[in-house]
Amino acid sequence: MTRSADRTPGPDAGASPRPELRLRFAPELRFFLAARHRRLDEVRVPHDGTSTLGHVVQSLGVPLTEVGELTAGGRPAGPSHRPGSGETVSVLPVRRPQDLRSFPAGSPPSFVLDVHLGALARRLRLLGLDSAYHNDMADDALVEQAGAEGRLLLTQDRGLLQRRSLWLGAYVRGARPDAQLLDVLDRFAPPLAPWTRCMACNGTLTPVPKSEIAALLRPGTRRTYQTFMRCRGCGRLYWRGAHSGRLEATVTAARDAVRRSRGTG
Ligand SMILES: [Zn+2]
């Protein structure tokens, strides 16, 4: 049976290809893509002609918090750009160190961490970075706190980062807390102020005369240490004692990471 010559072509007939977009993701971002897309230099997706670039990128699994420069057809384009069919889109990662204009220049960003990042929160506090964390915060509450207190949300939950109501956020790379810490320091290169914040509650530390707290100390500690700090939030006492070797190593590694990120190491 042959097709009659006078038949009007329908939308699927003829030689015109299905509208599609071609997206080129930088290697640093491919980790977010579905497994079948990760090895491709170019991901092709059907294009309805109305979706914005931001929507297309996020629908492929890449949160916009992780995206830096976007171009469509070789020209810079924002996430709200509606690309034309057949356009090639290039997606680069956010530049490191990331310029956080939402925070005053020279001052460190403050963070709120999701429930899975408690060990990272303690390390950030050790470095003096204001890091809110509670092990029972619901997702909605995290997003709300980020907005209400002007904190950058750190998480490994891409769904959280894609929420429209989120003020500012970042995906934390790394499976272990030490690797996660280095990732955050490399990304933001924040000014550090080690030993100024309580690792347990995020309160600030203030010097306290030994005479005032001597009765609370174990004899060995009382004999050995002279300089003490107390948390304004929970009252916990701190001194840089024999057990802080691991913490000192963390501080040293952190300073090195920030120097490397700033290109001054
Ligand atoms: Zn405290």
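Modeller: Let us begin with burial: a residue is called buried if 20 or more other C-beta atoms lie within 10 Å of its own, exposed if 12 or fewer do, and partly exposed in between. Please keep in mind throughout that this is a predicted model.

Biologist: How many C-beta neighbours does Trp 195 have inside 10 Å, and what does Trp 195 count as?

Modeller: Trp 195 has 17 C-beta neighbours inside 10 Å, and it therefore counts as partly exposed. Trp 195 belongs to the loop between α6 (177-188) and β10 (205-208), and Asn 202 is found in the loop between α6 and β10 as well. Asn 202, however, has 22 other C-beta atoms within 10 Å, so it is buried.

Biologist: What should I look for in the backbone angles of such residues?

Modeller: As a general idea, most residues other than glycine have a negative phi, and most peptide bonds are trans. In this structure, Trp 195 has a positive phi, near 65°, and Asn 202 also has a positive value, near 80°.

Biologist: Which residues does a cis peptide bond join, and what is omega there?

Modeller: The cis peptide bond joins Arg 96 and Pro 97, with omega at about -10°. Pro 97 itself is placed in the loop between β5 and β6 (111-113).

Biologist: And how does one read a sheet?

Modeller: In general, strands of a sheet pair through backbone hydrogen bonds, either parallel or antiparallel.

Biologist: Where do the domains lie along the protein?

Modeller: The protein is divided into domain 1 (20-93), domain 2 (111-192) and domain 3 (205-238), and the C-alpha centres of domain 1 and domain 3 are 55 Å apart. Separately, UniProt, in an unreviewed entry, lists residues 20-99 as "domain: Ubiquitin Mut7-C". Over residues 20-99 the chain is 14% helix and 30% strand, with 33 Å between the end C-alpha atoms.

Methods
Residues are numbered from 1 along each chain as its sequence is written. This is a predicted model: local features need pLDDT of at least 70, side-chain atom pairs count only at pLDDT 80 or more; totals for chains, interfaces and linings use all residues. UniProt positions are given in the numbering used here, feature names are shortened, and annotations may be inferred rather than shown by experiment. Helices (H or I, at least four residues) and strands (E, at least two) are DSSP runs, numbered from the N terminus. Domain bounds come from an automatic or database domain assignment.
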